Amino acid sequence: MRAPIPEPKPGDLIEIFRPFYRHWVIYIGDGYVVHLAPPSEVAGAGAASIMSALTDKALVKKELLYDVAGRDKYQVNNKHDDKYSPLPPSKIIQRAEELVGQEVLYKLTSENCEHFVNELRYGVARSDQVRDVIMAAGIAGVGLAAVGLIGVMFSRNKKQKQ
């Protein structure tokens, strides 16, 4: 039998494993989380959340973790606690509650759900998900350039031998 998921503590970051990306929320207690969602999203929409990547605005919502996660797995992931000091839980909750209901700017690369929750917990907006995608794209680009260069060198070498 699987070990039960530990109960999150107020101020914890929760990573929800959506089919193609990670959705991040912040736990504020009593089963509730605060997170960014596209203005039209219904709780637990899962894959519909991908639409958030196509909009430039998001709504700060307070919903039950159970509803937001839906059938997707999730885990507490305060992954930057070793780098940054978390703000006191009472301050995190206060800041999160003050934002509920507000429409905020949303950009996949600079103001996404991971930036939002890291800003609330640590006072630092960052997204490793975006950094990892940019690095992967850079590595793929370098790889393609190398393959192209090798191809050009081989074709020149063939012409010279003829």
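How exposed is E119 in terms of relative accessible area? E119 has a relative accessible area of 30%, so it is partly exposed. The terms here are: buried, under 20% relative accessible area; exposed, over 50%; partly exposed, in between, with a 1.4 Å probe and protein chains only.

Before going on, the basis. This is a predicted model, in which local features need pLDDT of at least 70 and side-chain atom pairs count only at pLDDT 80 or more, while totals for chains, interfaces and linings use all residues. Residues are numbered from 1 along each chain as its sequence is written, and side-chain values use heavy atoms, with hydrogens and water left out.

Now the partner of E119. R95 makes a salt bridge with E119, with 3.4 Å between the closest N and O atoms. Helices (H or I, at least four residues) and strands (E, at least two) are DSSP runs, numbered from the N terminus. A salt bridge is a side-chain nitrogen of Lys or Arg within 4 Å of a carboxyl oxygen of Asp or Glu.

The whole structure has six salt bridges. One of them joins K62 and E97, at 3.4 Å from N to O. Here K62 sits in strand β4 (residues 57–64) and E97 in helix α2 (residues 89–99), 35 residues apart. K62 is partly exposed at 37% relative accessibility, and E97 is partly exposed at 35%.

Another salt bridge is between R121 and D81, with the closest N and O atoms 2.9 Å apart. R121 is in helix α3 (residues 113–122) and D81 in the loop between β5 and α2, 40 residues apart. R121 counts as buried because its relative accessibility is 7%, whereas D81, at 33%, counts as partly exposed.

Next, strand β1 (residues 13–17), where four of the five residues are buried. β1 runs antiparallel to β2 (residues 22–29), with five bridges between them; two strands pair if DSSP finds at least two bridges. E15 has W24 as its bridge partner in β2, and a hairpin of four residues connects β1 to β2. β1 also pairs antiparallel with β5 (residues 74–76) over three bridges, where I14 stands opposite V76.

Last, R18, in the loop between β1 and β2. Its relative accessibility is 2%, so R18 counts as buried. The R18 side chain reaches the backbone oxygen of V68 at 2.9 Å, and a polar contact of 2.7 Å joins it to the side chain of D72. A polar contact is a pair of N or O atoms within 3.5 Å; within protein, one must be able to donate a hydrogen and the other to accept it, and residues adjacent in sequence count only if both atoms are side-chain atoms.
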